[in-house]
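Visitor: I am new to this structure. Please pick one part and take me through it closely.

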Amino acid sequence: MMKPKKIPMRMCLGCNEMKPKKELMRVVRSPEGEIGLDFVGKKNGRGAYICKSTECFDKARKARRLEKAFSCRIDESVYEVMADELRKETENN
(Lines give C-alpha, C1' and ligand atoms only; values in the text may rest on other atoms or scores of the structure.)
Protein backbone atom coordinates (compact mmCIF):
# COMPACT_ATOMS: atom_id res chain seq x y z
CA MET A 1 0.00 0.00 0.00
CA MET A 2 1.49 3.31 -1.12
CA LYS A 3 1.22 6.38 1.02
CA PRO A 4 -0.28 9.35 -0.89
CA LYS A 5 2.36 11.89 -1.81
CA LYS A 6 2.28 14.95 0.42
CA ILE A 7 1.51 18.14 -1.51
CA PRO A 8 3.72 21.04 -0.40
CA MET A 9 1.53 23.98 0.63
CA ARG A 10 2.55 27.64 0.71
CA MET A 11 0.77 30.82 1.76
CA CYS A 12 0.01 33.50 -0.81
CA LEU A 13 1.20 36.90 0.41
CA GLY A 14 -1.74 38.55 -1.36
CA CYS A 15 -4.82 36.67 -0.15
CA ASN A 16 -3.14 34.83 2.79
CA GLU A 17 -4.58 31.50 1.64
CA MET A 18 -2.69 28.23 1.82
CA LYS A 19 -2.46 26.70 -1.66
CA PRO A 20 -0.45 23.94 -3.35
CA LYS A 21 3.02 25.25 -4.15
CA LYS A 22 2.59 24.39 -7.87
CA GLU A 23 -0.36 26.80 -8.20
CA LEU A 24 1.64 29.72 -6.84
CA MET A 25 4.33 31.92 -8.31
CA ARG A 26 7.61 32.26 -6.43
CA VAL A 27 9.23 35.62 -5.80
CA VAL A 28 12.89 35.20 -4.90
CA ARG A 29 15.59 37.32 -3.29
CA SER A 30 18.93 36.06 -4.51
CA PRO A 31 22.00 35.91 -2.24
CA GLU A 32 23.17 39.06 -4.09
CA GLY A 33 19.99 40.84 -2.99
CA GLU A 34 18.26 40.92 -6.39
CA ILE A 35 14.52 40.40 -6.34
CA GLY A 36 12.54 38.86 -9.16
CA LEU A 37 10.01 36.26 -10.22
CA ASP A 38 10.99 32.61 -10.33
CA PHE A 39 8.64 30.69 -12.61
CA VAL A 40 10.58 27.43 -12.33
CA GLY A 41 10.94 27.50 -8.55
CA LYS A 42 14.59 26.50 -8.69
CA LYS A 43 16.47 29.77 -8.27
CA ASN A 44 18.78 30.20 -5.29
CA GLY A 45 17.66 32.47 -2.49
CA ARG A 46 14.82 33.25 -0.14
CA GLY A 47 11.40 32.62 -1.64
CA ALA A 48 7.94 34.02 -1.04
CA TYR A 49 4.78 32.96 -2.83
CA ILE A 50 1.93 34.78 -4.55
CA CYS A 51 -1.08 33.54 -6.55
CA LYS A 52 -0.66 33.94 -10.29
CA SER A 53 -3.05 36.87 -10.30
CA THR A 54 -2.39 40.58 -10.57
CA GLU A 55 -4.97 41.08 -7.81
CA CYS A 56 -2.90 39.18 -5.22
CA PHE A 57 0.30 40.78 -6.49
CA ASP A 58 -1.19 44.26 -6.03
CA LYS A 59 -2.43 43.42 -2.52
CA ALA A 60 1.00 42.14 -1.50
CA ARG A 61 2.60 45.21 -3.06
CA LYS A 62 0.30 47.69 -1.29
CA ALA A 63 0.75 46.03 2.10
CA ARG A 64 4.52 45.76 1.50
CA ARG A 65 4.34 42.06 2.37
CA LEU A 66 7.26 41.16 0.08
CA GLU A 67 9.43 43.70 1.85
CA LYS A 68 8.49 42.15 5.20
CA ALA A 69 9.16 38.62 3.89
CA PHE A 70 12.61 39.56 2.62
CA SER A 71 13.26 42.19 5.33
CA CYS A 72 14.56 44.72 2.81
CA ARG A 73 13.26 47.70 0.83
CA ILE A 74 12.02 46.95 -2.67
CA ASP A 75 12.30 49.65 -5.29
CA GLU A 76 9.18 50.61 -7.28
CA SER A 77 11.02 49.77 -10.52
CA VAL A 78 11.45 46.17 -9.28
CA TYR A 79 7.69 45.95 -8.67
CA GLU A 80 7.03 47.32 -12.17
CA VAL A 81 9.28 44.68 -13.78
CA MET A 82 7.60 41.92 -11.74
CA ALA A 83 4.12 43.22 -12.66
CA ASP A 84 5.08 43.17 -16.36
CA GLU A 85 6.48 39.63 -16.11
CA LEU A 86 3.33 38.50 -14.32
CA ARG A 87 1.10 40.05 -16.99
CA LYS A 88 3.08 38.31 -19.77
CA GLU A 89 2.96 34.99 -17.92
CA THR A 90 -0.80 35.16 -17.33
CA GLU A 91 -1.43 36.15 -20.98
CA ASN A 92 0.56 33.13 -22.21
CA ASN A 93 -1.38 30.62 -20.12
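Guide: Let us look at the largest pocket. Its lining has seven charged residues, six nonpolar and one polar. Here charged means Asp, Glu, Lys and Arg; nonpolar means Ala, Val, Leu, Ile, Met, Phe, Trp, Tyr, Cys and Pro; the others, Gly among them, are polar. The model is predicted, so local features need pLDDT of at least 70 and side-chain atom pairs 80 or more, while totals for chains, interfaces and linings use all residues. Residues are numbered from 1 along each chain as its sequence is written, and side-chain values use heavy atoms, without hydrogens or water.

The volume of this pocket is about 250 Å³. A pocket is an open set of points on a 1 Å grid over the protein atoms alone, where a 1.4 Å probe fits, with protein on both sides within 12 Å along at least five of seven lines. Volume is the space filled by probe spheres set on the points.

In total, 14 residues line the largest pocket (an atom within 4 Å of a point). Closest to the centre are Lys21, Lys22, Leu24, Val40 and Gly41.

Strand β3, residues 24–29, gives three lining residues, the largest share. Strands are DSSP runs of E, at least two residues long, numbered from the N terminus.

Stay with β3. Its arginine 26 forms a salt bridge with aspartate 38 of strand β4, residues 35–38. The N to O distance is 2.7 Å. The two residues are 12 apart, so the pair links distant parts of the chain. A salt bridge needs a side-chain nitrogen of Lys or Arg within 4 Å of a carboxyl oxygen of Asp or Glu. That rule gives five salt bridges.

Definitions and conventions. Helix = DSSP H or I, 4+ residues; strand = E, 2+ residues; numbered from the N terminus.
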